[in-house]
Amino acid sequence: TKAMLPDNVKDGEAWSGPIKKIVSPLSDKILKSNKDVIKDIATGKVDSCDAYYPALCLDGIEDYKHCASKCDKDAGEEVGVDCGRVGLITCDKNTGCPAFFQNGANLHDDSISGGVCLVLSLFLLIVCLMGLVNVLQRGLAGMSTRIIYKATNVNGLIGIVIGAAITILVQSSSITTSVLTPFVGLGVIQLEQMLPLTLGANIGTTITGLLAAMVSDNVDALQVALCHLFFNLSGIVIWYPIPIMRRVPLRGARALGRATRRSRLVPPIYIIVVFFVIPLLLLGLSSLFMQKTVGFTVLGSFLVIGVVLGIARFIWWWKKQEGLQKCLACLDRRTDMNSTMKTLPEDMQFLKSKVSLLAEHT
């Protein structure tokens with residue numbers, strides 16, 4: 001991925017991506033943040049944001065030259081005489097001062113302006129996402145099951161392209177999968193057809209990171225986005241082209257589906273173990289070896305051995321000691337118990353009515 005980065009940008013230099021060149025002129029007319037505030041506070045040049053206030057423009061003229069141009073201290077220039085001063089909101093050389101910039105503003109004024117922009121941006125984001133979901137759901141709901149089946153009954157590679165295209169349009173793989181998953185439950189889309197669509201959605205969701213990286217000033221963000229893309233591509237190459245490998249996620253999905261029918265506790269347990277317990281365990285073990293001390297290295301080695309033995313013991317119990325059947329029996333007991341508790345009041349009323357009838361006859 002590093003070889004794919006722009007050659008004209010060196011390490012530490014700012015980089016303007018194509019998306020930023022399109023978006024920045026419009027956003028800079030609304031609000032432009034002063035990045036020097038974060039840098040100066042982080043490096044200890046100033047103690048707080050109060051050092052940048054009140055905002056001051058020479059002669060009351062609100063433009064970059066009179067407000068945001070920096071003073072040359074070596075030449076003896078002073079703030080308020082030879083140059084202006086800006087706070088959290090600054091001006092741009094090309095577009096001038098944004099709409100939320102105010103001459104003489106204090107920290108409270110700029111904080112309110114930033115809060116208003118944050119609320120408005122979140123509101124617009126939520127409205128756009130809700131609109132996308134609504135339009136997509138209405139579009140799919142209006143189709144017959146036969147049309148949906150024919151549209152998704154395509155070659156696996158084409159399915160990957162379709163999943164990626166849909167996700168690029170809606171900018172979220174969660175929207176794509178959440179809309180298509182109910183159709184799998186209804187039997188409209190087969191599980192074998194859903195797999196390439198999901199893989200394509202995983203590729204399409206990386207486009208969001210690439211777009212964000214093209215707006216960022218740091219070229220390292222582009223490399224991280226490329227790593228995200230190639231991580232998903234590598235996963236597809238490993239798990240999809242070879243039929244034997246392809247059957248692993250399909251069998252796992254069917255097994256989870258059968259277990260979920262037995263108990264609703266299976267999905268949350270699966271999410272907690274796979275997405276929280278296992279990553280935290282691996283992260284904790286790796287952090288022990290990264291300390292580069294003998295004590296932590298020995299401790300980490302013993303913990304790794306213990307984890308490996310624990311996994312081996314669990315596999316032995318699961319395969320050889322009927323662990324799977326015991327887990328399924330436990331899920332069935334909990335399901336029966338829950339269904340019994342739900343119908344218990346009605347059953348009690350039914351029994352009372354029968355007892356009262358029996359008492360009348362006797």
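This is a predicted model: local features need pLDDT of at least 70, side-chain atom pairs count only at pLDDT 80 or more; totals for chains, interfaces and linings use all residues.
A crossing of two helices is left-handed if the near helix is turned anticlockwise from the far one by less than a right angle, and right-handed if clockwise.

**Stop 1: H8 against H10**

Select residues 191-204 for helix H8 and residues 219-239 for helix H10. Their axes sit 9 Å apart, and the packing angle is about 160 degrees. Angles over 145 degrees count as roughly antiparallel, so H8 is roughly antiparallel to H10. Now put the opening definition to work: which hand does the crossing of H8 and H10 have? The crossing of H8 and H10 is left-handed.

Show side chains next. On the H8 side, pick Leu199, Asn202 and Ile203; on the H10 side, pick Leu229, Asn232, Leu233 and Ile236. These are the residues that make the contact. Colour them by class and you get 5 nonpolar, 2 polar and no charged.

**Stop 2: H6 against H7**

For the second pair, select helix H6 (residues 156-170) and helix H7 (residues 173-185). Here the axes come within 8 Å and cross at roughly 120 degrees. That angle makes H6 oblique to H7, and the crossing is right-handed.

H6 brings Ile166, Thr167 and Val170 to the contact, while H7 brings Ser173, Ile175 and Thr176. The class count for the contact of H6 with H7 is 3 nonpolar, 3 polar and no charged residues.

**Stop 3: around H2**

Jump to helix H2, residues 35-43. At the start of H2, look at Asn34: one of its side-chain oxygens reaches to within 3.2 Å of the backbone nitrogen of Asp36.

Keep going into the loop between H2 and helix H3 (64-67), where you'll find Pro54. What kind of peptide bond joins Tyr53 and Pro54? A cis one, with omega about 0 degrees.

**Stop 4: Ser113 in H4**

Select Ser113, in helix H4 (residues 107-141). Is Ser113 buried or exposed? Buried: its relative accessible area is 12%, and the cut-off for buried is under 20%.

**Stop 5: the loop between H12 and H13**

Next, go to the loop between helix H12 (266-290) and helix H13 (294-320). Click Gln291 in that loop; its side chain reaches the backbone oxygen of Ser287 at 3.2 Å. Gln291 is partly exposed, with a relative accessible area of 44%.

Lys292 lies in the loop between H12 and H13 too. Lys292 is exposed at 77% relative accessible area, and its phi is near 60 degrees, a positive value in a residue other than glycine.

**Stop 6: Glu322**

Finish at Glu322, in the loop between H13 and helix H14 (323-361). Check its backbone: phi is positive, about 55 degrees, although Glu322 is not a glycine. With 51% relative accessibility, Glu322 counts as exposed, the cut-off for exposed being over 50%.

Note on methods
Residues are numbered from 1 along each chain as its sequence is written. Side-chain values use heavy atoms; hydrogens and water are left out. Axes are lines fitted to C-alpha atoms, for helices over the stretch in contact, and angles run from 0 to 180 degrees between N-to-C directions. Helices (H or I, at least four residues) and strands (E, at least two) are DSSP runs, numbered from the N terminus. Angles under 35 degrees count as roughly parallel, over 145 as roughly antiparallel, 65 to 115 as roughly perpendicular and the rest as oblique. Contact means heavy atoms within 4.5 Å. Ala, Val, Leu, Ile, Met, Phe, Trp, Tyr, Cys and Pro count as nonpolar, Asp, Glu, Lys and Arg as charged, and the others, Gly among them, as polar. Buried means under 20% relative accessible area, exposed over 50%, partly exposed in between (1.4 Å probe, protein chains only). A polar contact is a pair of N or O atoms within 3.5 Å; within protein, one must be able to donate a hydrogen and the other to accept it, and residues adjacent in sequence count only if both atoms are side-chain atoms.
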